[in-house]
Amino acid sequence: IVFVSINATKAGLRQTQLAQLYTELLRGLRRDRQVRAASLTNVTPIGGGFSWETLKPELWPSLTARERMLYTHEISPQYFQTLGLRLLRGRDFIGSDSLNAVPAGILSRSAAQTLFPGQDPLGQILRVNATTSYRIVGEVDDAKYASLREDAPITIYRKMNGFAYSNLAIRTEMDRSTVVREVRGLLKATGKDVRWTGSVAM
């Protein structure tokens with residue numbers, strides 16, 4: 001699996017235009033027979049970068065402060081397939097998820113067990129605070145972000161709609177330098193000032 005970091009800050013694109021740009025990049029990668037799956041992510045596993053939301057204590061009084069730290073991970077469809085993470089129940093993100101009044105969310109196994117113990121999380125509304133909620137549409141295996149030695153954090157995955165900084169995640173038989181060369185060619189073909197800023201293979 002190769003991750004290629006993308007910087008589109010100088011392209012001057014709106015969010016919808018960024019989303020279309022990334023759709024075209026993914027379509028181009030998936031046309032290559034050596035690419036098994038490709039997706040987007042805002043962080044890379046074991047990369048040390050992550051963000052989180054704190055669940056409001058009044059809404060989750062039975063949880064400890066640590067349990068109320070909900071890691072957030074922005075991804076595009078096919079991310080779990082790309083990383084080889086099992087979807088335990090429910091479904092992946094779909095295009096119409098961006099149109100819903102309550103955003104869709106997919107929980108890690110640890111998050112589902114912590115937030116909805118003994119319950120089916122599918123269809124549940126996860127209230128973070130007075131203004132933020134998610135409708136749970138799936139549950140997936142745990143993943144680690146900062147260290148292999150630490151327990152997997154409770155995580156919610158959200159559908160990525162277009163960030164100026166992003167990472168292409170590519171499951172492929174090609175080596176890292178070949179992947180980067182292909183990505184750079186696809187970026188050049190867009191005619192936009194979008195650049196690759198680094199890559200890492202797992």
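I count a residue as buried under 20% relative accessible area, exposed over 50% and partly exposed in between, with a 1.4 Å probe and protein chains only. The model is predicted, so I ask for pLDDT of at least 70 for local features and 80 or more for side-chain atom pairs, while totals for chains, interfaces and linings use all residues. I number residues from 1 along each chain as its sequence is written, and my side-chain values use heavy atoms, with hydrogens and water left out.

**Entry 1: helix H1**

H1 spans residues 15-30 and has 16 residues. I found 22 Å from its first C-alpha to its last, close to the expected 22 Å at 1.5 Å a residue. The expected span is 1.5 Å times one less than the number of residues.

Which residues of H1 are buried? I listed Leu18, Leu21, Tyr22, Leu25, Leu26, Gly28 and Leu29. They cover an arc of only 160 degrees around the axis, so they sit on the same side of H1. I take the arc from the directions that run from the helix axis to the C-beta atoms. An α-helix has 3.6 residues a turn, so residues three or four places apart point the same way.

Next I looked for what covers this side, with contact meaning heavy atoms within 4.5 Å. The cover includes strand E1 (2-7), strand E2 (35-41), strand E10 (165-172) and helix H4 (176-190).

**Entry 2: helix H4**

I turned to H4, which has 15 residues. Its reach from first C-alpha to last is 21 Å, close to the 21 Å expected at 1.5 Å a residue. Val179, Val180, Glu182, Val183 and Leu187 are buried in H4. Down the axis, the buried residues of H4 fall within an arc of 165 degrees, so they line one face of the helix. On the other side, I found Arg181, Lys188 and Ala189 exposed.

What do the buried residues of H4 pack against? I found E1, H1, E10 and strand E11 (195-201). Just after H4, Gly191 takes a positive phi of about 75 degrees.

**Entry 3: Ser166 in E10**

I checked Ser166, which is in strand E10. Its relative accessible area is 4%, so Ser166 is buried. Setting aside residues up to four places away in sequence, Ser166 touches Val4, Ser5, Ile6, Tyr22, Leu40, Thr41 and Met160. I also looked up Asp151, 15 residues from Ser166 along the chain; their C-alpha atoms are separated by 25 Å.

**Entry 4: aromatic pairs**

My rule pairs rings of Phe, Tyr and Trp (its six-membered ring) if their centres lie within 6.5 Å; planes under 30 degrees apart are stacked, over 60 edge-to-face and the rest tilted. How many aromatic pairs does this give? I counted five.

One of them is Trp60 with Phe116, edge-to-face at 6.2 Å centre to centre and 75 degrees between the planes. Trp60 lies in the loop between strand E3 (51-54) and strand E4 (69-75), and Phe116 in the loop between helix H3 (109-115) and strand E7 (125-127), so the pair ties together parts 56 residues apart in sequence. Both Trp60 and Phe116 are buried.

The ring centres of Phe80 and Tyr157 are 5.1 Å apart with planes at 85 degrees, so this pair is edge-to-face. Phe80 is in helix H2 (residues 79-83) and Tyr157 in strand E9 (residues 155-159), 77 residues apart. Phe80 and Tyr157 are buried too. With Tyr79, they form one aromatic cluster.

**Entry 5: strand E6**

Is strand E6 (residues 104-108) mostly covered or uncovered? I found it mostly covered, with five of its five residues buried. For strands to pair, DSSP must find at least two bridges between them. E6 pairs with strand E8 (residues 133-140) in the parallel sense over five bridges. E6 and E9 run antiparallel, joined by three bridges. Leu107 stands opposite Glu139 in E8, and its bridge partner in E9 is Ile156.

**Entry 6: two polar contacts**

I define a polar contact as a pair of N or O atoms within 3.5 Å; within protein, one must be able to donate a hydrogen and the other to accept it, and residues adjacent in sequence count only if both atoms are side-chain atoms.

Ser110 is in helix H3. Ser110 counts as buried at 17% relative accessibility.

Thr72 is in strand E4. Thr72 is buried, with a relative accessible area of 3%. A polar contact of 2.8 Å joins its side chain to that of Ser51.

Technical notes. Helix = DSSP H or I, 4+ residues; strand = E, 2+ residues; numbered from the N terminus.
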